[in-house]
Amino acid sequence: MEFLFDILAATWHLFQEASIYVLFGILVGGLLKVFLSPSAVSLHLGQGRFSSVFKAAFLGVPIPLCSCGVLPAAASLKRQGANNGAVTAFLISTPESGVDSIAITYALLDPLMTVVRPVAAFCTAAIAGLAENLFGLERATGQVVSDLSCPVDNCCDGLDCPPEVHKRHHTFLQRIRAGLGFAFRELWSDMVGWFLAGMILAGFITVLVPPEIMTRFLGGGILSMLLMLAAGIPLYICATASTPIAAALILKGVSPGAALVFLLAGPATNVTSLTVLLGILGKRATAIYLATLAVAAVVFGLALDSLYNYLNLSPHALFGQATEIIPGWIKLGGVFILLVLSVKPVYLKIQSRLGQGHELSCSLESCSVADSPVECSPHGSHD
């Protein structure tokens, strides 16, 4: 039982260090939803093979969406006229980065990784988008028809209601209130399960994984990059949840470059999202997306290791120093707020899973009618 207490202690320590920065990240993410809606900026993503890609990559960096949450937004951009390159860039930079993941990177890792992570996300997204527009099948783009509906309460569609009129519909405080509501309800509800799972997994790694194994196989070099790439591509994990895992891996001996490969590949890809991408972009564009992401992640990983060596920096000495300036009582306050915000969404997720299991169990039992062979529909009713 002692190792379980050690895991809980390690998880609790990470939670304390990250709490304030996670709160800051989701707060800014909620305000971005209100003041910088992705659907509104889609006007800029339809024309120009180069400018649209850079705009999409840049706009995707601060928006806090995971690899599955970004898919509906990307599909909307595509329907509104965004070219394949812009959609590809948005699909990569958005889940790889975000104000929430940047904040927690600063808390758990170091300033160098905090800067390199969004820069690598932007460059990877831009390269993939340009490759798609230059070598993909799509060439001509049409005029974009943007969704300009009100992000506060959908009071108008932005077409019949001119912007100068709509500005008078909501005060600044109403927009702030709407942003806070989105941040602490929808945004945190979407990520809380994966965030807590990432914290617990980081605790397991901290306590149970022998450092010599990580140093031997993931201590640096092309092989460690490829191993992390193979682990990250099929895995579903959001950028925020992947950060404590990366921190635990580095403290166990994984090179910062290999951890960066995981931080880039894990959030931007998973088996489910790749199948959806086939429908949004097509086979050729999806292949360009995946190949460019893999190559760029490895290149940036090798470059980051070289940068640490050139600057003679030790990640162990630098990691977590950002949180030392925050008093302990503030950290505990952040933990308390996050736990309070997590009770309802976690309860609803557990209830939903149990409900699905109960429905499946009932449907199987209802299909087992004695001496009466019947077939069941997918929902458990008899045909």
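This is a predicted model: local features need pLDDT of at least 70, side-chain atom pairs count only at pLDDT 80 or more; totals for chains, interfaces and linings use all residues.

Me: Is Glu 96 buried or exposed?

Reply: Glu 96 is buried, and yet it has no salt bridge.

Me: Which side chain of opposite charge is nearest to it, and how far away?

Reply: That's Arg 117, at 7.9 Å.

Me: What is Glu 96 in contact with, if we skip its neighbours within four places in sequence?

Reply: Arg 117 is on that list, along with Ala 121, Thr 124, Ala 239, Leu 263, Leu 264, Pro 267, Ala 268 and Leu 293.

Me: OK, zooming out. How many helices and strands are there in the protein?

Reply: 17 helices and zero strands. Of the 383 residues, 49% are buried. Taking contacts between residues at least 6 apart in sequence, 83% join residues at least 24 apart.

Me: And the surface: how much of it belongs to carbon and sulfur atoms?

Reply: 68%, out of an accessible surface of about 18500 Å².

Me: Which residues make the nonpolar patch?

Reply: Met 1, Phe 3, Leu 4, Phe 5, Leu 8, Ile 200, Leu 201, Phe 204 and Leu 208 make a patch of about 900 Å². Helices α1 (2–35) and α9 (172–208) each supply at least two of its residues.

Me: Where is Phe 3?

Reply: Phe 3 sits in helix α1.

Technical notes: Residues are numbered from 1 along each chain as its sequence is written. Side-chain values use heavy atoms; hydrogens and water are left out. Buried means under 20% relative accessible area, exposed over 50%, partly exposed in between (1.4 Å probe, protein chains only). Lys and Arg count as positive and Asp and Glu as negative; His and the chain ends are not counted. A salt bridge is a side-chain nitrogen of Lys or Arg within 4 Å of a carboxyl oxygen of Asp or Glu. Contact means heavy atoms within 4.5 Å. Helices (H or I, at least four residues) and strands (E, at least two) are DSSP runs, numbered from the N terminus. Accessible areas come from the Shrake-Rupley method with a 1.4 Å probe; for residues, only the protein chains shown count as cover. Patches are made of residues with over 30% relative accessible area and no salt bridge: like charges are joined within 9 Å, nonpolar side chains (Val, Leu, Ile, Met, Phe, Trp, Tyr) within 5 Å.
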